[in-house]
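Good morning, and thank you for coming.

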Amino acid sequence: MKTRIIIFGIAIALVLGVTVKLRSNKLEVDNNIYRPDLERNVLVKAATVMYQALDKTFSYTGTFAPNREVMIVPQVQGQVEEVYFNEGDVVRQGAAMVQVDDDVLQTQYVAAQANYEIAKRNLDRYENASIGGGVSNLQLDNYRLSYKNAEANLKQLLKQIEWSRITAPFTGTVTFKDVEIGSIVGSKALARITDMSLLKLEISVPEREIAMFTEGKEVLVNTDIYPGQTLKGKVDYVSHRADDSHNYMVRVVIQNASHNSMLKAGMYGTAIIDHSETSKAIIMPRTALLGSAKNPQVFVIENGKAVLREIKTGTASNETIEVIEGLREGDTVVTSGQINLSNGSNVQITN
C-alpha cells in the first residue's frame with residue numbers, strides 16, 4: 001500500500017512538472033512572435049490614383065505558317081528516268097518534276113487501244129444487225145459489255161501514263177527532296193512544295209480580347225528578322241472554339257512580297273492591335289498591387305491608416321495597371337513598404 005502511494009505521488013509530480021514546462025515554453029514562444037505595433041507609424045511610399053487616357057495596345061506572338069504545303073507522292077510504281085528539280089527551286093504549277101519509266105504502260109496502252117477499236121467495231125456491227133432481228137439481245141449485251149471493259153481499261157492505262165509524269169500541283173518552293181535518277185518509287189514522298197506567296201501568322205488570343213478580332217480587320221505585324229519595320233496583315237480566320245485555357249486561334253495573313261523575301265515559315269511574328277479608347281480609366285502604379293491575379297488587393301491610406309481593399313483590375317503595362325472596381329479618383333495607394341503593413345496600421349508617407 002505504501003509503495004502505491006509513493007508511485008502515485010511520483011506520477012503527480014511528473015504531470016505537474018510537464019505542465020509547468022509546457023506553460024513556460026508557450027510563454028517563451030508568445031514572447032518571440034512578431035506582432036506589429038498598430039500604434040507605431042510605418043514608413044511607406046504612396047501614389048494618388050487618377051483618371052488617365054487609356055491607350056490599350058495588345059501584342060500576340062505566334063509562328064508563321066506557309067499559305068499551303070503538300071508532299072509529292074507518286075501514284076505509280078517504277079524506276080525514275082528523269083528528275084527536273086532541286087531542293088530550293090521555285091517550280092511553276094504544272095511543271096514536270098519527275099518522269100517514271102512508262103515503257104511497259106505504253107506497250108499495254110497500244111494493246112488496249114487495239115482491243116478497244118475491235119470492241120467498238122463489233123458493237124457497231126451487231127447493233128446494226130439487231131435492227132433486222134438477226135442478233136439476240138443477249139449477244140448484243142455481251143458486245144456492249146466487252147466494249148465498256150475495253151474502254152475502261154484504255155482510260156485506266158492512259159491515267160497511269162499521265163501519273164508517270166509527276167507535275168507540280170501549284171507554284172511554290174521545293175523544301176524537301178528525296179529522289180534521284182534510278183530510284184525505285186512507290187508510296188514514299190519524293191518532295192515537298194511550299195507556297196510562300198502568303199504567310200499565315202497563327203496567334204493565340206485570350207477570351208476577354210477575342211472581340212477585337214474580326215475577319216478582314218487590318219493588323220500590324222512585327223518580326224525579329226526585320227526590326228523596326230512593321231508589316232500589314234489582315235485577319236483571315238477567327239476560331240469559333242476555345243482551347244482548354246480559353247484561348248482562341250486567330251490567323252493573320254500577310255503578303256510575302258519581294259521586300260519580305262527573308263520571311264520563312266516557322267519564324268516568329270508579333271501581331272499588334274491598337275485598341276485605344278477615348279474614355280479614361282483609373283490608373284495606379286503596378287507596384288501597389290498585392291494578392292493574386294484572381295484576388296487583387298491594395299493598401300489604401302485613409303485618415304493616416306492603411307486599409308486593405310479588394311479591387312478588380314483590367315489592362316496592365318510594365319509600370320501601370322487599370323483599376324475597374326475598388327478605387328476612386330484621388331485615393332492614395334501604398335506603392336512600397338507593404339511588407340510591414342497589416343490592415344489598420346498607422347502609416348507615414350515618405351518620399
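Strands S16 and S17 form a hairpin, with four residues between them. This is a predicted model, in which local features need pLDDT of at least 70, side-chain atom pairs count only at pLDDT 80 or more, and totals for chains, interfaces and linings use all residues. Residues are numbered from 1 along each chain as its sequence is written, and side-chain values use heavy atoms, with hydrogens and water left out.

Two strands pair if DSSP finds at least two bridges between them. S16, residues 290-291, pairs with S17 in the antiparallel sense over two bridges. Opposite Leu290 stands Gln297 in S17.

Which strand is joined to S17 by six bridges? That strand is S18, residues 305-310, and the two run antiparallel. Here Glu302 has Lys305 in S18 as its bridge partner. S17 and S18 also form a hairpin, this one with two residues between them, and Asn303 in the turn has a positive phi of about 55°.

Is S17 mostly covered or mostly open? S17, residues 296-302, is mostly covered, since six of its seven residues are buried, that is, under 20% relative accessible area with a 1.4 Å probe, protein chains only.

Finally, I turn to Ser187. Ser187 lies in the loop between strand S9 (184-185) and strand S10 (191-206). Ser187 has a relative accessible area of 69% and is therefore exposed, the term for values over 50%. Ser187 and Ile72 are 115 residues apart in sequence and 9.9 Å apart in space, C-alpha to C-alpha.
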